[in-house]
Amino acid sequence: MRKKVLIIDDDVNLATVMRHYLEERGFDVETAFDAYSGVGTAIGFKPDLILLDLQMPAGGGAGVCLNISQNMAINKTPIIFITSASEKELKEQLPLVAQFRGHFKKPVDMAQLTAAINRLLGAP
């Protein structure tokens with residue numbers, strides 16, 4: 001069964017590139033371009049992993065994490081942040097995100113990101 005990845009990022013170009021790259025590698029991928037639609041998509045899609053931008057409209061990454069943590073169907077979904085924020089800034093804004101599994105700085109090295117996703121999801 002194909003693993004499901006949700007990309008939530010207001011950078012439409014980056015999200016589209018990541019989506020195509022991951023689909024070519026066998027993942028089932030959905031995208032959302034703001035925090036509000038990201039939470040709704042996560043609830044409906046039930047991804048195995050979320051790639052999440054920190055700074056975006058309609059609540060930002062912190063809002064997404066808060067909403068996801070309160071939903072029993074998706075509150076254990078691992079999250080990798082894709083952001084221009086430093087690790088220090090990320091941890092200051094998200095000190096208690098249990099699902100946090102790492103972060104990648106923009107621009108993203110897709111090969112390294114895919115390797116991290118595969119490690120987290122137990123994919124080859």
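Visitor: How many aromatic pairs are there by the rule for ring centres?

Guide: The model is a predicted one, and in it the count of aromatic pairs comes to zero, where a pair would need ring centres within 6.5 Å.

Visitor: What makes the charged end of Arg25 count as sitting over the ring of Tyr21?

Guide: The rule asks for a distance within 6 Å of the ring centre and a direction within 35 degrees of the ring normal, and the charged end of Arg25 is listed as sitting over the ring of Tyr21, 3.5 Å from its centre. Lys4 is likewise placed over the face of Phe45, at 5.0 Å from the ring centre.

Visitor: How do you know that the span of helix α1 agrees with its number of residues?

Guide: Helix α1 runs over residues 12-24, and its 13 residues, at 1.5 Å a residue, should span 18 Å; because its end C-alpha atoms are 18 Å apart, the two values agree.

Visitor: Why are the buried residues of α1 said to be on the same side?

Guide: The buried residues of α1 are Leu14, Ala15, Met18 and Leu22. They cover an arc of only 95° around the axis, and therefore they lie on the same side of α1. In general, an α-helix has 3.6 residues a turn, so residues three or four places apart point the same way. The other side of α1 carries the exposed residues Asn13, Val17 and Glu24, whereas the buried residues of α1 pack against β1, β2, β3, β4 and α5.

Visitor: What makes Asp11 a cap of α1?

Guide: A side-chain oxygen of Asp11 lies 3.2 Å from the backbone nitrogen of Asn13, at the N-terminal end of α1, and a polar contact requires such a pair to be within 3.5 Å. Just after α1 comes Gly26, with a positive phi of about 95°.

Visitor: Why is Lys46 called partly exposed?

Guide: Buried means under 20% and exposed means over 50%, so Lys46, at 42% relative accessibility, counts as partly exposed. Lys46 belongs to the loop between α2 and β3, and has a positive phi of about 50° although it is not a glycine.

Visitor: Which peptide bond is cis, and what is its omega?

Guide: The bond from Lys106 to Pro107 is cis, with omega near -5°, and Pro107 is found in the loop between β5 and α5.

Key
Residues are numbered from 1 along each chain as its sequence is written. This is a predicted model: local features need pLDDT of at least 70, side-chain atom pairs count only at pLDDT 80 or more; totals for chains, interfaces and linings use all residues. Side-chain values use heavy atoms; hydrogens and water are left out. Helices (H or I, at least four residues) and strands (E, at least two) are DSSP runs, numbered from the N terminus. The expected span of a helix is 1.5 Å times one less than its number of residues. Buried means under 20% relative accessible area, exposed over 50%, partly exposed in between (1.4 Å probe, protein chains only). The arc is that of the directions from the helix axis to the C-beta atoms. Contact means heavy atoms within 4.5 Å. A polar contact is a pair of N or O atoms within 3.5 Å; within protein, one must be able to donate a hydrogen and the other to accept it, and residues adjacent in sequence count only if both atoms are side-chain atoms. Rings of Phe, Tyr and Trp (its six-membered ring) pair if their centres lie within 6.5 Å; planes under 30 degrees apart count as stacked, over 60 as edge-to-face and the rest as tilted.
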